[in-house]
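Subject: Structure for you to look at

Hello,

Here is the structure I promised to pass on. Please open it first, then read my notes below.

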Amino acid sequence: MANVVPQLDFGTAVKLSLSRIKDMEGRSRRSEFWWTALAIVIVNIVLNFIPIVGPILTICVWLVAAPLMIRRLHDTGRGPVLVYIYLALTVIMQILALITYFKAKNATTWADIDSAAGTGVISLLVAIPAAIIGIILIVFWCQDSQPFTNQFGPSPKYPDGMPGMGQQPYGAQPMYGPQQPRYGQPQQPYGQPQQPPYGQQTQYQQPPYGQQPQQPPYGQQPQQPPQR
């Protein structure tokens, strides 16, 4: 049975996320992500009651949460491209919403109202792909950690891996194919002969520098290497 790290509680998850607020490498498990996401939602609800400044602070909160979103995708074996697109659309949508608000507030003619309405429609059109990508990200964020070391690092939930799932735990040798060298040993390309240990010579290796090769006795032919 695989070794599983216990689930994080609310306080531990938030503290861990704050300690890695600039870390866009590595992986984050579901408990760290969702407890922190709950805290972010609570903060954004409070910020929405603050006029003008609230939406700006909401954008800052989402940008600060970007490393956590990326690490959660890393934990499922995916790159950060979707997070970048989602955040870009979210920032554009918030900016258009602010422009719409100021246009509607300062409108004095029907033309100003039409301009504010047009900006609001554009904001809604931007919100549609942002919502679709957001749903896709939620599905990915709900997935469990990959129980092995992927290209982004070891699993924070399964430190010893989970044998029997088609992947080898971290540090294990593959069952089939060429064996990988241990740490500190040179890697030999597959299909090439292994080099002899340091200080030992092969059968047809040249003599050291300054020494003449030995000649066969008089009347004997030099031994030729076997033909392959």
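Cys60 is partly exposed, because its relative accessible area is 38%. Partly exposed sits between buried (under 20% relative accessible area) and exposed (over 50%), with a 1.4 Å probe and protein chains only. Cys60 lies in helix α3. In sequence, Cys60 and Val91 are 31 residues apart. In space, their C-alpha atoms are 9.3 Å apart.

Before you go further, note that this is a predicted model: local features need pLDDT of at least 70, side-chain atom pairs count only at pLDDT 80 or more, and totals for chains, interfaces and linings use all residues. Residues are numbered from 1 along each chain as its sequence is written, and side-chain values use heavy atoms, with hydrogens and water left out.

The whole chain

The protein chain has six helices and zero strands. Helices here are DSSP runs of H or I with at least four residues, strands are runs of E with at least two, and numbering starts at the N terminus. Along the sequence the pattern reads α-α-α-α-α-α. The chain has 228 residues, and 29% of them count as buried. Now take the contacts (heavy atoms within 4.5 Å). Among those with a separation of 6 or more, 63% join residues 24 or more positions apart.

The core

Which residues touch the most other members of the largest nonpolar core? They are Met69, Leu73, Val83, Leu87, Leu137 and Trp141, out of 21 residues in that core. At least two core residues come from each of α2 (30–47), α4 (66–75), α5 (81–105) and α6 (110–141). α6 gives the largest share, six residues. A nonpolar core is a set of buried Ala, Val, Leu, Ile, Met, Phe, Trp, Tyr and Cys residues joined through side-chain atoms within 4.5 Å. In soluble globular proteins, nonpolar side chains tend to be buried together. Not counting residues up to four places away in sequence, Leu137 touches Leu73, Leu82, Val83 and Tyr86.

α2 and α3

The axes of α2 and helix α3 (residues 53–64) come within 9 Å and cross at roughly 165°. Axes are lines fitted to C-alpha atoms, for helices over the stretch in contact, and angles run from 0 to 180 degrees between N-to-C directions. α2 and α3 are therefore roughly antiparallel to each other, a label for angles over 145 degrees. Ile40, Val43, Asn44 and Leu47 in α2 meet Gly54, Leu57, Thr58, Val61 and Trp62 in α3.

α5 and α6

The axes of α5 and α6 are 8 Å apart, and the helices pack at about 155°. α5 and α6 are therefore roughly antiparallel as well. Met93 is found in α5, and Ser123 in α6. Is Ser123 buried or exposed? Ser123 counts as buried, because its relative accessibility is 8%. Met93 counts as partly exposed, because its value is 21%. Setting aside neighbours within four places in sequence, Ser123 is in contact with Met93, Leu96 and Ala97. By the same rule, Met93 touches Ser123, Val126 and Ala127. Met93 and Val126 are 33 residues apart in sequence, and 6.0 Å apart in space, C-alpha to C-alpha.

Best wishes

How values were computed. Parallel < 35°, antiparallel > 145°, perpendicular 65-115°, else oblique.
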